[in-house]
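Let's walk through a protein structure together, one question at a time. Keep the picture open while you read.

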Amino acid sequence: MLRANGEVAMTLESEGKHRDFDIGRMPDFDPERAGFVPFEVMMDERVWDIRIGSVEHSTPISDLPLVFSEGRTIIEGQFCWVCVRTLSIDIP
């Protein structure tokens, strides 16, 4: 998630509760400026990669408290505006 002050956070679910973890800050972010902030989220069997604007973060899958079983994908957004231009799910 990208907050109005430029902070970027990821949300993890653990024990039925959601918690936000700060992962970086976009120092030049201005919420009044029009435009799309590019983002990418990618997960494979080893790592979860997140890139929002200039902020990049990777978390090993083994460090995540909850991972759905293979074949299950959930995309969730709350209290936000988002535009998904490309969505691909690659199954090797």
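Q: How far apart are the closest N and O atoms in the salt bridge between Arg3 and Asp22?
A: This is a predicted model, so take the distance as a computed one. A salt bridge needs a side-chain nitrogen of Lys or Arg within 4 Å of a carboxyl oxygen of Asp or Glu. Arg3 and Asp22 meet that, with their closest N and O atoms at 2.7 Å.

Q: Is Asp22 buried or exposed?
A: To count as exposed, a residue needs over 50% relative accessible area. Asp22 has 53%, so the label is exposed.

Q: Which residues join Arg3 in one network of salt bridges?
A: Arg3 has several partners to look at. Glu7 forms a salt bridge with Arg3, the closest N and O atoms being 3.4 Å apart, and Asp20 meets Arg3 at 3.6 Å, N to O. Salt bridges that share partners build the network, and the residues in it with Arg3 are Glu7, Asp20, Asp22 and Arg25.

Q: Why does the salt bridge of Arg3 and Asp20 tie together separate parts of the chain, and how many residues apart are they in sequence?
A: The two side chains meet in a salt bridge. Arg3 lies in the segment before β1 (7–14) and Asp20 in strand β2 (residues 17–25), so the pair ties together parts whose separation in sequence is 17 residues.

Q: Which accessibility class does Arg3 fall into?
A: Buried means under 20% relative accessible area and exposed means over 50%, with partly exposed in between. Arg3 comes out at 25%. Because of that value, Arg3 counts as partly exposed.

Q: How many salt bridges does the structure hold?
A: The bridge between Arg3 and Glu7 is one example. For the structure, the count is seven.

Q: How many strands does the protein have?
A: Going from the N terminus on, the elements run β-β-β-β-β. There are zero helices, and the number of strands is five.

Q: Which strands are the edge strands of the open sheet?
A: Three strands form this sheet, in the order β3-β4-β5, with antiparallel pairing. An edge strand here pairs on one side only, and that picks out β3 and β5.

Q: Which residue in β4 is the bridge partner of Val41?
A: Start with Val41, which has its place in strand β3 (residues 39–43). Five bridges join β3 to strand β4 (residues 47–52), and the two run antiparallel. In β4, the bridge partner of Val41 is Ile50.

How values were computed
Residues numbered from 1 in each chain as written. Predicted model: local features only at pLDDT ≥ 70, side-chain atom pairs only at ≥ 80, totals over all residues. Heavy atoms only, no water. Helix = DSSP H or I, 4+ residues; strand = E, 2+ residues; numbered from the N terminus. Pairing = 2+ DSSP bridges. Buried < 20%, exposed > 50% of the residue type's maximum accessible area, 1.4 Å probe, protein only.
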